[in-house]
Amino acid sequence: MIKIKKALCLLAAAAAAICLLPCAASAGNGWFFKAAGHSQPVCYGGDSRVDEYGTLYLGAEGDKKVYLTFDAGYLNDNVYSIAETLRGHSAKAAFFILPAVVNSDAEFVKALDADGHFICNHTWSHSNVSGMNPDQLRSELERLETHCLEKTGVEMKKYFRPPEGSFSLKTLEYCRELGYSPVFWSFAYADWDASAQKDPEWALDKILSNLHDGMVLLLHPTSATNAAVMDRLLTAIEEAGYGFGTLDELCESQYGTDAESSGFIQGNPDAGNSVALTFDDGPHPEYTVEILDILAEYGVKATFFVIGKNAETYPGIVERIIAEGHEVGNHTWSHSAVAELTDEELAAEITRTEDYLRNSFGYVPVLFRPPGGGRYARAAEVAEKLGYDYVLWSWRTDSRDWSCPGSEVIANTVISNASGGDIVLLHDYASPVSHTPEALRKIIPALLAKGYGFVTVSELLSCS
């Protein structure tokens with residue numbers, strides 16, 4: 001059981017430096033929303049460009065869940081009190097933490113994780129990330145991720161909240177490349193300043209008068225006001241007919257999991273215990289062959305999203321993929337960034353790969369996956385006109401194997417997060433070294449032992 005601490009971990013100077021304001025910062029864009037009472041608010045002015053990067057901020061209309069998120073820069077008695085209250089309601093939340101939380105009480109972080117809360121990333125230094133390049137952002141995220149794992153044994157979830165809600169579209173693009181889902185909010189109030197706390201009755205009324213479907217609620221757990229109202233707040237939310245959801249559930253609510261609901265295929269909730277393994281960027285002369293050997297050993301079928309120029313370089317491997325009953329998807333000819341291509345250029349990339357597969361093997365692919373992922377409505381329209389389904393993956397099973405984190409990390413990500421109907425993202429072409437084949441030898445038997453079966457993506461989508 002999480003024990004409420006009696007000794008404060010205030011670190012006043014540090015706290016003042018990390019006010020955790022949910023507002024616009026001086027550089028980049030600031031996240032904002034327009035409240036609409038009990039109706040769903042308009043977030044970020046309704047600008048749909050943020051959706052192209054899988055940004056999370058609001059569940060679907062009709063989603064009777066509230067998604068509790070807490071930005072935690074340090075620990076005090078209020079944090080421990082709120083954790084106890086959440087436990088009493090069996091309410092799961094996401095805690096976006098800074099290093100001070102890990103340093104102050106590693107056991108508390110472990111207890112949060114054991115209680116089913118998501119431990120998520122709020123950067124190492126709480127700096128404005130809107131102008132950071134990919135390497136700088138990677139350092140901010142991975143430094144905290146590594147620190148948390150070493151200190152607590154807890155592997156942080158791949159969800160990230162930019163400090164102060166400050167970001168740029170490039171930030172979102174880099175998040176996608178790094179395997180993180182950016183998370184904002186659909187309601188918040190000024191609760192972060194310990195010296196200017198709101199009246200509890202005012203705060204309770206403010207939150208409940210804006211309760212809405214798919215609400216992503218941003219609170220700061222260091223707030224005395226929030227600690228004072230938390231039990232009544234959770235009770236009132238439950239009495240209004242709402243439950244509490246995880247960020248995984250928010251992703252499915254906001255973006256859907258099938259083509260009919262969203263146009264972007266991420267899985268099939270009607271597929272029972274079937275799971276689809278997918279491999280991007282190949283074929284590779286060593287790793288694809290090794291992966292095919294492992295799949296053959298277990299009698300497992302998978303889907304390979306090939307890059308056209310790689311397929312042309314290693315035609316014998318493509319021939320083997322097809323001959324052994326696996327599915328081949330289209331991953332463009334040259335792995336160009338979809339967002340930087342015109343409609344005509346993207347169509348040419350897709351068509352060139354299709355023409356090569358048809359002319360060389362008599363095989364016509366029907367699935368398209370954009371390099372790097374991303375929910376690009378314009379790209380989806382181009383793919384649809386060419387006869388393709390636009391296939392992404394189930395975000396919680398994004399292995400990030402391309403970053404070479406080691407086979408244990410890759411395998412654990414997939415094994416611990418996989419559910420029936422998921423599309424699992426792996427890569428058969430990685431450099432300088434790939435840990436994917438070794439991880440696959442752990443993933444397949446572990447999921448088989450859990451009762452899952454493996455199918456191609458097209459087979460997964462045909463399940464009902």
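Two strands count as paired if DSSP finds at least two bridges between them. The close-ups below come from a predicted model.

View 1. S13 covers residues 274–280 and pairs in the parallel sense with S19, residues 453–455, over 3 bridges. Within S19, Gly-453 is the bridge partner of Ser-274. S18, residues 423–427, also pairs with S13 in the parallel sense, here over 5 bridges. Val-424 in S18 is the bridge partner of Leu-277. The pairing of S13 with S14, residues 303–306, is parallel too and has 3 bridges. There, Phe-304 of S14 stands opposite Phe-279.

**View 2. S13 is buried on both faces.** Buried means under 20% relative accessible area. 7 of the 7 residues of S13 are buried, so the strand is largely enclosed by the rest of the structure. One side holds Ser-274, Ala-276, Thr-278 and Asp-280, all buried.

**View 3. The chain passes from S13 through H11 to S14.** Together, S13, helix H11 (residues 287–298) and S14 make a β-α-β unit, and this unit is right-handed. Pro-283 sits in the loop between S13 and H11. The peptide bond joining Gly-282 and Pro-283 is cis, with omega about 0°. Most residues other than glycine have a negative phi, and most peptide bonds are trans.

View 4. S4 is mostly covered, with 7 of its 8 residues buried. S12, residues 243–244, pairs with S4 in the parallel sense over 2 bridges. Phe-244 in S12 is the bridge partner of Val-66. S11, residues 215–219, runs parallel to S4 and is joined to S4 by 5 bridges. Leu-219 in S11 stands opposite Phe-70. S5 pairs with S4 in the parallel sense, over 5 bridges. Phe-70 has a bridge partner in S5 as well, namely Phe-95. From S4 the chain crosses through H2 to S5, in a right-handed β-α-β crossover.

**View 5. Ser-90 and Thr-332 have positive phi.** Neither residue is a glycine: phi is about 55° at Ser-90 and about 75° at Thr-332. Ser-90 lies in the loop between helix H2 (77–89) and strand S5 (93–97). Thr-332 is found in the loop between strand S15 (327–330) and helix H14 (343–361). Are these residues buried or exposed? Ser-90 has a relative accessible area of 58%, over the 50% cut-off, so Ser-90 is exposed. Thr-332 has 1%, under the 20% cut-off, so Thr-332 is buried.

**View 6. Thr-55 is a buried loop residue.** Thr-55 lies in the loop between strand S3 (42–43) and strand S4 (65–72). The relative accessible area of Thr-55 is 0%, so the residue counts as buried. What does Thr-55 touch, not counting residues up to four places away in sequence? The contacts are Val-50, Leu-172, Pro-182, Phe-184, Gln-254 and Tyr-255.

**View 7. Helices H16 and H17 cross.** H16 covers residues 407–417 and H17 covers residues 436–449. Their axes come within 8 Å and cross at roughly 30°. The crossing is right-handed. From H16, the meeting residues are Ser-407, Glu-408, Ile-410, Ala-411, Val-414 and Ile-415. From H17, they are Thr-436, Glu-438, Ala-439, Lys-442, Ile-443, Ala-446 and Leu-447.

**View 8. Tyr-159 sits in the largest nonpolar core.** This core has 53 residues. Tyr-159 is one of those with the most contacts inside the core, along with Trp-31, Leu-247, Leu-346, Tyr-390 and Ile-423. Not counting residues up to four places away in sequence, Tyr-159 touches Leu-56, Phe-96, Phe-118, Cys-120, Asn-121, Tyr-180, Ser-181, Val-183, Leu-247 and Asp-248. Another core, of 41 residues, lies apart from the largest one. Among its members are Ile-82, Leu-86, Val-154 and Val-229. In soluble globular proteins, nonpolar side chains tend to be buried together.

Technical notes. Residues numbered from 1 in each chain as written. Predicted model: local features only at pLDDT ≥ 70, side-chain atom pairs only at ≥ 80, totals over all residues. Heavy atoms only, no water. Core = buried A, V, L, I, M, F, W, Y, C linked by side-chain atoms within 4.5 Å. Buried < 20%, exposed > 50% of the residue type's maximum accessible area, 1.4 Å probe, protein only. Contact = heavy atoms within 4.5 Å. Helix = DSSP H or I, 4+ residues; strand = E, 2+ residues; numbered from the N terminus. Right-handed = clockwise from strand over helix to strand, strands pointing away. Axes fitted to C-alpha atoms, helices over the stretch in contact; angles between N-to-C directions. Left-handed = near helix turned anticlockwise from the far one by under 90°.
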